[in-house]
Amino acid sequence: MKKKLGVIGGMGTEATSYFFEELVAHTQIAKDQDHLDTIIFNHATLPDRTNAILSGDTEELTNRLIEDVKLLEKIGVENIAIPCNTAHYFYDTIQKETKIPIIHMVKESVAEALTRFENVEKIGIMATAGTIQTKIYHNECAAQGVEAVVPSAAKQADLMSLIYDEIKRGIPGTFDKFERVYNELMETGSDVVLLACTELSVFKKRNKIYETCLDALDILVRESIQRSNAEYQ
């Protein structure tokens, strides 16, 4: 019996749309009824996660995420996916408010990097400044025995411009900005680079990227399908 999937989306909306597109594409089916029953709350008006974290004003965002989880719980979902890396800073806070399992995209992505690539010692993190400041990837890498590598201030500025000035505004994104950040992470010893921002997942959809990149959203898609008792393809 397949399990009903709940999704807290809108962070951002295009990333949520891409998540659902990939969920549909990678679910093995023979007929319409083989797809997953999926409840997507595209909560586009949630406060910006990076701004909330950097300012320290997280109460409104936390409360609204908890409300979203409670809403999905009432609808009867059996797993919850949150296609936003930065929002996982609040994972422990919102998970304790519900008995419904919330898939931990950060934990699963680091584990996948260690499984898919050989002899990984350092993982480069391409993420928002908010995600970097929370150290959620630093802490998870340390817990799994590897080191997180982050961009310099100048390259992080390139990345934030790519994410906020372009992708979040519906602009495809400048590959040179992406490449500058990627090259620096590789030059500083990264064995694999995690795309740890769902806007970068959208960027990847439109651009051919390097084989040493791993998209956290792809891992969330796979986990969502498999934990819902469907076949991933």
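Glu21 comes out partly exposed, at 36% relative accessibility. This is a predicted model, so keep that in mind throughout.

What does Glu21 pair with? Its salt-bridge partner is Lys205, and the closest N and O atoms sit 3.0 Å apart. Now the placement. Glu21 belongs to helix H1, residues 13-26, and Lys205 to helix H10, residues 198-206, so this contact ties together parts 184 residues apart in sequence. Lys205 is partly exposed too, at 46% relative accessibility.

Next pair. Asp34 bridges to Lys31, with 3.1 Å between the closest N and O atoms. Buried or partly exposed: where does Asp34 fall? Asp34 has a relative accessible area of 13%, and because the cut-off for buried is under 20%, Asp34 is buried. Lys31 has 45% and is partly exposed.

Back to helix H10. Lys204 and Asp218 meet through their side chains in a salt bridge, 2.7 Å from N to O. This one also links distant parts of the chain: Lys204 is in helix H10, Asp218 is in helix H11, residues 216-227, and the two are 14 residues apart. Lys204 is buried, with a relative accessible area of 17%. Asp218, at 24%, counts as partly exposed.

Then there is a network. Which residues does it join? Glu108, Glu112, Arg116, Arg222, Glu223 and Arg227 are connected by salt bridges that share partners.

Last, the total. How many salt bridges does the structure hold? The count is 14. Among them are Glu21 with Lys205, Asp34 with Lys31, and Lys204 with Asp218.

Notes
Residues numbered from 1 in each chain as written. Predicted model: local features only at pLDDT ≥ 70, side-chain atom pairs only at ≥ 80, totals over all residues. Heavy atoms only, no water. Salt bridge = Lys/Arg side-chain N within 4 Å of Asp/Glu carboxyl O. Helix = DSSP H or I, 4+ residues; strand = E, 2+ residues; numbered from the N terminus. Buried < 20%, exposed > 50% of the residue type's maximum accessible area, 1.4 Å probe, protein only.
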